[in-house]
Amino acid sequence: MLVKRTMSKNVVCVSVPGNRDKVLDLMRKEKKAVLPVVKEDTDILVGLVTRSDLINNPDEEQIAMLMTRDLITVNPGDDVVVAARKMIENDVRRVPVVNEDGELVGIITSFDLVSKALTKIEVNDVVENYMITTVPTTWESAPLNVAFESMKQFGLKSILALDDDAKLSGILTETDFIAESEIISERSEHSSTVGTEGDKWSWDSTSVLYIEKNHLKFTDKVVKDVAVGNVEVANSKTKVSDCAKKMKTLNIEQIPVIGVEGDLVGLVRASDLIKALITEE
């Protein structure tokens, strides 16, 4: 199957020059985690800007300074296995599709590969061979800022919520956190006093430095107020093909994995399942 048969053609993108407010507003409106960046008044791809770029660089305003310029791309005529391999090798979940002139013509995601390619083949291998087992969890009554920091420590885009009995009660993604946050600016004052040694008639001088810093501020809600409940799960022995079909039907990119005794044992993401495309090649 070719990339052009699997990619999304109606790509939401931003152009440079531009600022972070435009990116954030568009991400919230379109529910996108990543936006391709094109040169103004053209379709020439020049970068990618992600939610993580916004979060990790709260003081930067210009898209040109926030975006990633080291691009990984595919062509419309490439096989989907090429796209899958590039995603896996570079640890990314989406790749822009460009033509021979460097113009943006689409974008292909790991979810596209799962829902449109992996569901077309029969993979009898089981989910436990593809899932990740180191998964961040948080108490469902934890403040959002605490849960967010826990998620960041794992370098993942989601975190699982547990109830008072340590049972799975919900899931939060980076999108959920962004929807409950804003960038605020705080000003701090730092002063130091300098005198002239040995001169009793001299006046001490005070130097004042004002530092303005932006940071992410969350609402006062707790995890269970925001988390998606009634979480769909997969069994560790679920076939990859069946898991792919479930993701497609439910339009979700990740599914918690439960062991044979009903305990949480891992998380399987679309970006994990696409490894089966290469295995089956």
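Before I start, a word on the ground rules: residues are numbered from 1 along each chain as its sequence is written, and side-chain values use heavy atoms, with hydrogens and water left out. As the model is predicted, local features need pLDDT of at least 70 and side-chain atom pairs count only at pLDDT 80 or more, whereas totals for chains, interfaces and linings use all residues.

Let me begin with the whole chain. It has 12 helices and 13 strands, where helices (H or I, at least four residues) and strands (E, at least two) are DSSP runs, numbered from the N terminus. Of the 281 residues in the chain, 42% are buried, and here buried means under 20% relative accessible area, exposed means over 50%, and partly exposed is in between, with a 1.4 Å probe and protein chains only. If we take the contacts with a separation of 6 or more, 60% of them are between residues 24 or more positions apart, a contact being heavy atoms within 4.5 Å.

Now to the sheet. Three strands form an open sheet in the order β1-β2-β3, with mixed pairing, and two strands are said to pair if DSSP finds at least two bridges between them. In general, strands of a sheet pair through backbone hydrogen bonds, either parallel or antiparallel. The edge strands here are β1 (14–16) and β3 (45–50), each of which pairs on one side only, and the twist from one strand to the next averages 35°. For such angles, axes are lines fitted to C-alpha atoms, for helices over the stretch in contact, and the angles run from 0 to 180 degrees between N-to-C directions.

On one side of β2 (residues 34–39), three bridges join this strand to β1, and the two run parallel; within that pair, V16 stands opposite K39. β2 and β3, by contrast, run antiparallel and are joined by five bridges, with V34 having T50 as its bridge partner in β3. These two strands form a hairpin with five residues between them, and D41 in the turn has a positive phi of about 65°. As for cover, five of the six residues of β3 are buried. Helix α2 (residues 20–30) lies across β1, β2 and β3, and runs at about 135° to β2. In the loop between β1 and α2 we find P17, which is joined to V16 by a cis peptide bond with omega of about 5°.

A pocket is an open set of points on a 1 Å grid over the protein atoms alone, where a 1.4 Å probe fits, with protein on both sides within 12 Å along at least five of seven lines, and its lining residues have an atom within 4 Å of a point. Of the 32 residues that line the largest pocket, K31, R94, T175, N251 and E253 are the closest to its centre. Among the elements giving two or more residues to this lining are β2, β5 (104–109) and α8 (174–179), and α8 gives the most, with three residues.

The second largest pocket holds about 780 Å³ of space, and of the 32 residues lining it, the closest to the centre are D91, V92, R93, R94 and K157. At least two residues of its lining come from each of several elements, including β3, α5 (80–90) and β4 (94–98).

I would like to finish with some single residues. D91 is found in the loop between α5 and β4, and its phi is near 55°, a positive value in a residue other than glycine. Is D91 buried or exposed? With a relative accessible area of 72%, it is exposed. A166, in the loop between β7 (158–162) and β8, likewise has a positive phi, near 65°, and is exposed, with a relative accessible area of 53%. T109 is in strand β5 and is buried at 15%; leaving aside its neighbours within four places in sequence, T109 is in contact with M87, R93 and R94. Finally, K217 in strand β10 (residues 205–218) counts as partly exposed, at 41% relative accessibility, and its C-alpha atom is separated by 5.4 Å from that of S181, 36 residues apart along the chain.

Conventions. Points joined across faces, edges and corners; volume = space filled by probe spheres on them.
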